[in-house]
Amino acid sequence: MSPRLRRALTGPVGRTVLSVAVVVAVFAGVLPQIADYSEAWQLVRSLTWPEAVLVGVVAAVNIVSYAPLWTAALPGLRLRQALLSDLASTTISNTVPVGFAFGVGTTVAMYHSFGFPAGAITRAIGLAGVWNNLVKLAMPALALVGVLLVADVTAALAVAAVLGSVILLLALVVLVLVLTHPGAAVALATGAERAARAVARGLGRPGPAGWVARTDRFRTDSLEVLRHRWAQLTAAAVASHLALFLVLLVCLRTVDGDGSDVSWLLVLAVFSVTRLVTIVPITPGALGVAELSYVAGLTAVGVGADAAAGAVLLFRFLTWFVPIPLGVAAWLAWRRGAGQASAVAGTVHAAG
């Protein structure tokens with residue numbers, strides 16, 4: 001493969017084409033073979049007003065549930081500032097191919113405008129990401145234990161639980177080594193940088209640099225925060241995942257259909273596997289991939305195909321689409337000065 005073709009396939013155009021192809025294939029090709037969209041929509045339309053209000057309240061709680069993780073990771077950050085940044089970055093992640101990187105850039109820009117220095121922002125992004133992914137990796141194993149109490153374990157759940165547990169264990173070992181052993185941190189950062197450079201060379205791109213220095217700064221800066229805030233970080237990360245799961249469960253319970261009363265433990269297992277599958281999103285916000293995984297998983301544990309499709313599409317509307325206009329509004333509010341620090345406040349944060 002020529003370097004020009006490789007760059008085209010891995011560049012913005014190639015990623016956009018891949019994302020569109022996956023979304024079209026799932027929504028126009030695969031899902032219609034599993035469920036009837038019209039029947040699924042009729043089930044959603046059958047929600048009563050009390051059920052619709054319940055779904056809306058749970059969805060609203062989920063939208064604000066991730067902000068406390070940022071306030072735990074970045075001392076001095078106010079909840080309103082965290083919510084503005086989270087909504088804006090989520091909008092970008094849900095709409096732009098490989099939007100996660102652009103979402104992080106938005107977070108950095110907004111936190112800088114709030115008066116926080118670059119080092120504190122980098123540390124907060126690292127801690128929030130690590131704790132979020134640790135919970136995400138632990139959930140399949142916890143779900144496996146619960147499912148063992150109520151039903152037979154499917155092969156998919158068993159594989160996901162084992163894979164998640166292995167990755168979680170490795171991640172914990174790496175985290176402990178990085179935080180407690182300077183020599184191990186240097187060795188791991190050096191090895192990771194060399195591997196990344198090799199991959200970059202294969203893609204015809206310049207390799208990364210400076211990982212050792214950044215890892216050492218992350219280690220020294222994070223230790224003090226973790227001594228005082230590890231419990232807060234853990235509770236916030238767990239709460240955000242439970243809030244998202246609760247939206248899925250409430251959607252399934254209110255969208256009446258065959259199997260909508262399946263055990264919540266089985267629903268948790270499907271949720272956990274999908275969260276693991278989409279840990280590296282192929283499309284913006286895992287659009288298409290997440291829907292297919294949720295619907296396939298729910299039907300595998302006994303939910304009717306139409307009920308599964310109706311519940312999942314409602315769930316994704318509330319958790320993927322609704323945050324987009326809210327994020328646009330948050331970004332516009334920020335551009336007008338919402339949450340931004342004065343020069344004096346910024347000096348205080350920088351000094352801290």
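Q: How far does helix 14 (residues 305–321) reach from its first C-alpha to its last, and what is expected at 1.5 Å a residue?
A: In this predicted model, helix 14 has 17 residues and spans 22 Å. The expected figure is 24 Å, so the span comes close to it.

Q: How do helix 13 and helix 14 cross?
A: Their axes come within 9 Å, at roughly 145 degrees, and the crossing is right-handed. On helix 13 the contact is made by A290, E291, Y294, V295, L298 and T299. Helix 14 brings A305, A308, A309, V312, L313, F315 and R316. By class, that's 10 nonpolar, one polar and two charged residues.

Q: Why is S65 called buried?
A: S65 has a relative accessible area of 11%, and the cut-off is under 20%, so S65 counts as buried. You'll find S65 in the loop between helix 4 (49–64) and helix 5 (67–73). Leaving aside neighbours within four places in sequence, S65 is in contact with S240 and A243.

Q: What makes the pairing of S65 with the backbone oxygen of N62 a polar contact?
A: A polar atom of the S65 side chain lies 2.7 Å from that oxygen, and the limit is 3.5 Å, so the pair qualifies.

Terms used:
Residues numbered from 1 in each chain as written. Predicted model: local features only at pLDDT ≥ 70, side-chain atom pairs only at ≥ 80, totals over all residues. Heavy atoms only, no water. Helix = DSSP H or I, 4+ residues; strand = E, 2+ residues; numbered from the N terminus. Buried < 20%, exposed > 50% of the residue type's maximum accessible area, 1.4 Å probe, protein only. Polar contact = N/O pair within 3.5 Å; in protein donor to acceptor, adjacent residues only side chain to side chain. Contact = heavy atoms within 4.5 Å. Axes fitted to C-alpha atoms, helices over the stretch in contact; angles between N-to-C directions. Left-handed = near helix turned anticlockwise from the far one by under 90°. Nonpolar A, V, L, I, M, F, W, Y, C, P; charged D, E, K, R; others polar.
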